[in-house]
Amino acid sequence: MPCVNRSFGGLPESNGYIYVEANGGLNQQRTSICNAVAVAGYLNATLVIPNFHYHSIWRDPSKFNDIYDEEYFIDTLGSDVRVVNKVPGYLMERFDQNMSYVYNLRIKAWSSIQYYKDNVLPRLLEEKVLRISPFANRLSFDAPPAVQRLRCLANYLALRFSNPISTLGDALVRRMKERSISSGGKYVSVHLRFEEDMVAFSCCVFYGRKQEIEDMTAARERGWRGKFTKPGRVIRPGAIRINGKCPLTPLEVGLMLRGMGFDKNTSIYLASGKIYDAERNMAPLFEMFPLLQTKEMLASEEELAPFMNYSSRMAAIDYTVCLHSEVFVTTQGGNFPHFLMGHRRYLYGGHSKTIRPDKRKLAQIFDNPNIGWKAFKRQMLSMRSHSDSKGFELKRPNDSIYTFPCPDCMCRGEQCSVLVAQDLIGAHSS
């Protein structure tokens with residue numbers, strides 16, 4: 001069971017205000033929010049609701065309260081960390097009410113909490129208002145229990161999606177369960193990363209068609225302006241694939257799932273953005289899994305209209321439906337699956353049925369022209385079994401608490417307690 005302890009009683013006088021800019025997509029921003037809560041609480045500072053940095057890739061102008069229930073966030077943290085909408089006007093007078101004039105403290109990536117105490121706190125006491133931008137990955141994964149507790153509190157209790165998102169997300173969960181009546185309301189969620197920007201950024205070659213090459217060249221230039229065409233830069237698509245870095249195609253995902261034992265009657269929810277060349281690429285996946293659904297299929301145009309053109313809000317809807325699935329299948333790394341794996345572990349007593357395929361091994365198997373279906377299926381079943389055995393995992397040094405909430409956020413979980421005991425026995429016997 002989860003065990004995020006909350007404080008009761010008053011807070012000492014604040015040491016000042018901390019304002020951070022959370023950059024990246026939905027879950028990278030979530031990392032920044034939780035880390036900001038931890039830093040502010042540890043320094044006895046007041047946290048200003050984080051600002052979401054607009055990025056040319058995600059192109060989402062959403063504010064904090066568009067994604068999360070801001071009032072609930074402030075109230076839930078009330079006894080542990082002061083959170084406000086804005087810095088008081090009298091303090092902002094010397095900055096002409098302009099946050100960009102506030103002193104911006106540059107922090108190295110993965111800094112320890114001690115660094116904040118030694119270097120940020122003195123400056124905070126002097127300035128009374130500090131800005132930290134950028135803030136993504138600016139706090140080490142390893143920290144004292146007091147810091148980890150605040151991260152757990154922020155991530156698992158305080159951050160609740162805004163009412164419009166949670167209302168539609170919960171409705172889609174119900175609809176998936178209704179469509180999965182033959183399997184007791186249980187469904188499989190699959191996170192597919194085959195959007196144009198993902199395909200372009202990977203620098204992989206999938207089908208080698210002229211149109212694909214032209215599309216990807218144009219997408220890379222639009223999104224990253226010369227990053228991939230710098231003099232001396234050599235891109236080796238074959239090596240990238242062998243190293244398991246290429247996104248799985250919809251066809252490969254379908255073959256993998258069928259090999260793992262999921263048949264055409266399996267109810268599947270597909271979480272993704274706009275799939276590249278969707279009509280052509282999605283056809284084989286729909287043929288293998290005719291019960292497959294997406295948010296666009298489950299919701300009406302009217303229901304989705306307020307969220308269209310807002311990538312983070314759409315991702316939050318996907319997150320909700322994946323969170324409540326019986327099995328979650330991740331096909332590519334990134335913050336979305338890492339947060340989901342941790343959140344599902346937190347909700348389901350330490351264990352979540354998650355399939356994380358070995359991408360290097362998959363590349364070898366898919367590229368082997370001599371492999372038969374029986375041998376392929378044997379490999380896939382072994383991969384699924386290995387994934388399930390890793391469902392219970394204890395956080396190790398340098399692991400993210402957002403992926404591995406045991407033991408910091410789950411000290412009363414029965415399975416978590418067993419893992420901690422086994423870890424201690426192993427440490428004493430070695």
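Tutor: A residue counts as buried under 20% relative accessible area, as exposed over 50%, and as partly exposed in between. The model discussed here is predicted.

Student: Why is W110 called partly exposed?

Tutor: The relative accessibility of W110 is 43%.

Student: W110 and F141 form an aromatic pair. What makes the pair tilted?

Tutor: A search of the whole structure finds 16 aromatic pairs. In the pair of W110 and F141, the centres are 5.0 Å apart and the planes stand at 45 degrees.

Student: Why is the pair of W110 and F141 said to tie together parts of the sequence?

Tutor: W110 lies in the loop between α4 and α5, and F141 in the loop between β5 and α6, so the pair ties together parts that are 31 residues apart in sequence.

Student: What makes the pair of W224 and F228 edge-to-face?

Tutor: Their ring centres are 5.8 Å apart and their planes meet at 85 degrees. Planes over 60 degrees apart count as edge-to-face, so the pair of W224 and F228 is edge-to-face. Both W224 and F228 are buried.

Student: Which residues do ring pairs link into a cluster?

Tutor: The cluster holds F52, F64, Y68, F73, F161, Y319 and F336.

Student: How do you know that C152 and C409 form a disulfide?

Tutor: Their sulfur atoms are 1.9 Å apart. The cut-off is 2.5 Å, so C152 and C409 form a disulfide. The bond links distant parts of the chain: C152 is in helix α6 and C409 in the loop between α18 and α19, 257 residues apart.

Student: Why is the disulfide of C152 and C409 called left-handed?

Tutor: The torsion about its S-S bond is about -75 degrees, so the disulfide is left-handed.

Student: How accessible are C152 and C409, and what class does that give?

Tutor: C152 has a relative accessible area of 2%, and C409 has 1%. The limit for buried is under 20%, so C152 is buried and C409 is buried.

Student: What joins C204 to C246?

Tutor: A disulfide joins C204 to C246, with a sulfur to sulfur distance of 2.0 Å. That distance is within 2.5 Å, as the term requires. By this rule the count comes to two disulfides.

Student: What makes the disulfide of C204 and C246 left-handed, and where do its ends lie?

Tutor: The torsion about the S-S bond is about -100 degrees, so the disulfide is left-handed. C204 is in the loop between α8 and α9, and C246 is in the loop between α10 and α11, 42 residues apart. C204 counts as buried at 5% relative accessibility, and C246 counts as buried at 6%.

Student: How far is the sulfur of C322 from the closest cysteine sulfur?

Tutor: It is 19 Å from the sulfur of C34, too far for a bond. C322 is buried, with a relative accessible area of 0%.

Student: How do you know that strand β8 pairs with β6 and β9?

Tutor: Pairing takes at least two bridges. Four bridges join β6 to β8, and two join β8 to β9. V188 has V327 in β8 as its bridge partner, while F328 has T354 in β9.

Student: Why are β7 and β9 placed at the edges of the sheet?

Tutor: The open sheet has the strand order β7-β6-β8-β9, with parallel pairing. β7 and β9 each have a single partner strand, so one side of each is left without a neighbour in the sheet.

Student: What makes R123 count as sitting over the ring of Y103?

Tutor: The charged end of R123 is 3.9 Å from the ring centre of Y103, and the limit is within 6 Å, with a further condition on the angle to the ring normal. R258 lies over the face of F289 at 5.8 Å from the ring centre.

Note on methods. Residues numbered from 1 in each chain as written. Predicted model: local features only at pLDDT ≥ 70, side-chain atom pairs only at ≥ 80, totals over all residues. Heavy atoms only, no water. Buried < 20%, exposed > 50% of the residue type's maximum accessible area, 1.4 Å probe, protein only. Phe/Tyr/Trp six-rings, centres within 6.5 Å; stacked < 30°, edge-to-face > 60°. Lys NZ or Arg CZ within 6 Å of the ring centre and 35° of its normal.
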